[in-house]
Amino acid sequence: MIKGTTRKRTYRAIYRLLDRVSPVPFDCGMICGSACCTAVSEEDMGIYLLPGEEKIHDKHADWLTWNTQSTEEYDFPPSWHGKVNWIRCKEPPHCPRKMRPIQCRTFPLAPHITEEGELILVWNDSDLPYCCPMIEEETELDPDFIQATLTVWKHLIRDPLIYDLVKMDSEERYEG
Ligand code: SF4
Ligand code: SF4
């Protein structure tokens, strides 16, 4: 399995920090039928864990199925060699909230490193098979959520593998 430098206790602290915030002060799943969650149960969909994020998860927990994917077969940075954890929720949108992966917690924002090297947040612009109303309408997000999410990504990109991932996605945006 691909190994980053982010430690278990850092992931725990990140989860705790993000437990305290939410993008909006209401359940946005009510407006779209939890589109982002339900997509995760569909064929070919899932969530990549960041390198080492699996350390704080129980592989025997009954709400997830675990798979791995080869970094060579999918679009990962050249520095990523080996396998990544790829998980799927069995009954989305139901999950233990405190165990949501970072990918769920920081959506609908995405980290972006500008050409000047500054880390900022942008709307998630991945090619998604569903429509997120918050992204479509550029809903005003809770400032505490934005600040916590930026803080988290600032920590995460200290891990060279995670930096390379964020940089790769950012460079794709430069090219438009
Ligand atoms: S993040 Fe977007 S797609 Fe997901 S539940 Fe909220 S509004 Fe729906
Ligand atoms: S972990 Fe929870 S929030 Fe994330 S996709 Fe699964 S059901 Fe949705």
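## Aromatic pairs

Tyr-48, with a relative accessibility of 25%, counts as partly exposed, and this value, like the others in this report, is computed from a predicted model. Phe-76, by contrast, is buried, at a relative accessible area of 12%. The structure holds three aromatic pairs, and in one of them the rings of Tyr-48 and Phe-76 have centres 5.0 Å apart and planes at 85°, so that this pair is edge-to-face, an arrangement that requires an angle over 60 degrees. Because Tyr-48 belongs to strand E1 (residues 47-48) while Phe-76 sits in the loop between strand E2 (64-70) and strand E3 (83-89), the pair ties together parts that are 28 residues apart in sequence. Ring pairs also bring in Trp-80, linking Tyr-48, Phe-76 and Trp-80 into a cluster.

At 12% relative accessibility Phe-107 counts as buried, as does Tyr-130 at 19%, the cut-off for buried being under 20%. The rings of Phe-107 and Tyr-130 form a pair with centres 6.5 Å apart and planes at 55°, so the pair is tilted.

## Packing of H1 and H6

Two packed helices are described by the angle between their axes and by the distance between the axes. For helix H1 (residues 8-19) and helix H6 (residues 143-156), the angle is about 170° and the axes are 10 Å apart. Since angles over 145 degrees count as roughly antiparallel, H1 and H6 are therefore roughly antiparallel to each other.

On the H1 side, the contact is made by Tyr-11, Ile-14, Leu-17 and Leu-18, and on the H6 side by Ala-148, Thr-149, Thr-151, Val-152 and Leu-156. By class, the residues of this contact comprise seven nonpolar and two polar ones, with no charged residue.

## Shell around ligand 1

Around ligand 1 stand Cys-28, Gly-29, Cys-32, Ser-34, Ala-35, Cys-36, Phe-107, Cys-132, Pro-133 and Met-134. Two or more residues of this shell come from each of helix H2 (29-32), helix H3 (35-39) and helix H5 (133-137). Phe-107, the buried residue of the tilted pair, is also among the residues around ligand 1. Sorted by class, the shell has eight nonpolar and two polar residues, and no charged ones.

How values were computed
Residues are numbered from 1 along each chain as its sequence is written. Chains are lettered from A and ligands numbered from 1 in the order in which they are written. This is a predicted model: local features need pLDDT of at least 70, side-chain atom pairs count only at pLDDT 80 or more; totals for chains, interfaces and linings use all residues. Side-chain values use heavy atoms; hydrogens and water are left out. A residue is near a molecule or strand if one of its heavy atoms lies within 4 Å of it. Helices (H or I, at least four residues) and strands (E, at least two) are DSSP runs, numbered from the N terminus. Ala, Val, Leu, Ile, Met, Phe, Trp, Tyr, Cys and Pro count as nonpolar, Asp, Glu, Lys and Arg as charged, and the others, Gly among them, as polar. Axes are lines fitted to C-alpha atoms, for helices over the stretch in contact, and angles run from 0 to 180 degrees between N-to-C directions. Angles under 35 degrees count as roughly parallel, over 145 as roughly antiparallel, 65 to 115 as roughly perpendicular and the rest as oblique. Contact means heavy atoms within 4.5 Å. Rings of Phe, Tyr and Trp (its six-membered ring) pair if their centres lie within 6.5 Å; planes under 30 degrees apart count as stacked, over 60 as edge-to-face and the rest as tilted. Buried means under 20% relative accessible area, exposed over 50%, partly exposed in between (1.4 Å probe, protein chains only).
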